[in-house]
Amino acid sequence: MNEPNIPQLTEQVKTLAVEVGCYILDQRKSFTEDSVERKSAHDYVSYVDKQAEKMIVGRLREILPEAGFVTEEQTVSQSADQEYCWVVDPLDGTTNFIKDVPLYCVCIALRRAEELLLGVVYELTRKELFWAYKGGGAWIGETPIHVSRRQLDDSLVSLGFPYNAKEYTRFAQRLTDRLYGNVASIRSHGSAEGELCYVAAGRFDIYIESFLKPWDVAAGAIIVQEAGGQISDYSAQDLLWPSGREVLATNGIVHQQMIEIISSIKQ
């Protein structure tokens, strides 16, 4: 098997993400909540998610036929054990899409074994195309991006709230109590991939969430890393191939402080 040309693949994936994004935005014009299905409590899906994923998978099969897939909506057989594997979230932030509020994104990553090779996130409400490939830096469109250099007391924190409310509520409450008044402010935008990209762009300084899935973080993870940031679980283990079970992404400067804070509130 010939090694794929990662910069060339990235360009093709960028084009695909924008095309699928245009489809999603067009559907949003006439979308109603009558089209929504429940996957579980407060976890929604619609025909838009499913059709967007089919569009992505069809094109990715042409781009790199030997690669497997890990996708949120599972419109294709899952094959995470392939040497190369596409990780796809066709619409990260579905609830936001349904309610017509920011952020929601098209997210595509490519991994080889435990290594992330490229990530593309198209944030639809601002039409911003975030992308990175290994060793190539991180970008919005044609503009390079870098994480912030802010210290903890000036940090803007993005705190995610997963569907696992029973398991997460106590942690979120204690974390909020610890941070509120000691950081610049706390936000929550409802799109893990979008929020990771905002860390990469220096808009957020810290992002924290649990109970995510690989498709929620893979593309954003490499974008954060290539922007000079740090992403790990709550024990400071690097997320080379992120499970999403625990996600802490920062500008790197405050990473160890956040590890210590999280460790203290989990005791």
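Three bridges connect β13 with strand β14 (residues 246-250), and the two strands run antiparallel. Within this pairing, S232 has L248 of β14 as its bridge partner. Strands here are DSSP runs of E with at least two residues, helices are runs of H or I with at least four residues, and both are numbered from the N terminus. Two strands pair if DSSP finds at least two bridges between them. The model is a predicted one, in which local features need pLDDT of at least 70 and side-chain atom pairs count only at pLDDT 80 or more, while totals for chains, interfaces and linings use all residues. Residues are numbered from 1 along each chain as its sequence is written, and side-chain values use heavy atoms, with hydrogens and water left out.

The β13-β14 pair belongs to an open sheet of five strands with mixed pairing, in the order β11-β10-β12-β14-β13. At its edges stand β11 (185-187) and β13 (230-232); each has a single partner strand, so one side of each lacks a neighbour in the sheet. From one strand to the next, the twist averages 15°. Helix α5 (residues 192-200) packs on this sheet and touches β10 (156-159), β12 (206-210), β13 and β14. Contact means heavy atoms within 4.5 Å. The direction of α5 makes about 155° with that of β12; axes are lines fitted to C-alpha atoms, for helices over the stretch in contact, and angles run from 0 to 180 degrees between N-to-C directions.

The loop between β13 and β14 contains A236. Its phi is near 75°, a positive value in a residue other than glycine. A236 counts as partly exposed because its relative accessibility is 31%; buried means under 20% relative accessible area, exposed over 50%, and partly exposed in between, with a 1.4 Å probe and protein chains only.

A further sheet, also open, is formed by seven strands in the order β3-β4-β5-β6-β7-β8-β9, with mixed pairing. Its edge strands are β3 (68-71) and β9 (143-145), each of which pairs on one side only. The twist averages 20° from one strand to the next. Helix α2 (residues 47-63) packs on this sheet, touching β3, β4 (84-92) and β5 (105-112), and its direction makes about 155° with that of β4.

Strand β4 includes D89. This residue counts as buried because its relative accessibility is 0%. Leaving out residues up to four places away in sequence, D89 touches E72, C105, V106, C107, W215 and D216.

Elsewhere in the seven-strand sheet, strand β7 (residues 128-133) runs antiparallel to strand β8 (residues 138-140), and three bridges join them. W131 stands opposite W139 in β8. E128 also lies in β7, and it is buried, with a relative accessible area of 12%. Apart from its neighbours within four places in sequence, E128 is in contact with V121, Y122, E123, I140, Y198 and R203. The loop between β7 and β8 holds G136, which counts as buried because its relative accessibility is 18%.

The loop between α3 (94-99) and β5 contains L103. A cis peptide bond joins P102 and L103, with omega about -5°. D100 is found in the loop between α3 and β5; its phi is near 65°, a positive value in a residue other than glycine. At 47% relative accessibility, D100 is classed as partly exposed. Most residues other than glycine have a negative phi, and most peptide bonds are trans.

The second largest pocket holds about 200 Å³ of space. On a 1 Å grid over the protein atoms alone, a pocket is an open set of points where a 1.4 Å probe fits, with protein on both sides within 12 Å along at least five of seven lines, and lining residues have an atom within 4 Å of a point. Grid points are joined across faces, edges and corners, and a volume is the space filled by probe spheres set on the points. The lining consists of E167, Y168, R170, F171, S210, F211, Y234, R245, E246, I265 and K266. Helices α4 (165-179) and α7 (255-266) are the elements that give two or more residues to this lining, and the largest share, four residues, comes from α4. By class, the lining residues divide into five nonpolar, one polar and five charged; Ala, Val, Leu, Ile, Met, Phe, Trp, Tyr, Cys and Pro count as nonpolar, Asp, Glu, Lys and Arg as charged, and the others, Gly among them, as polar.
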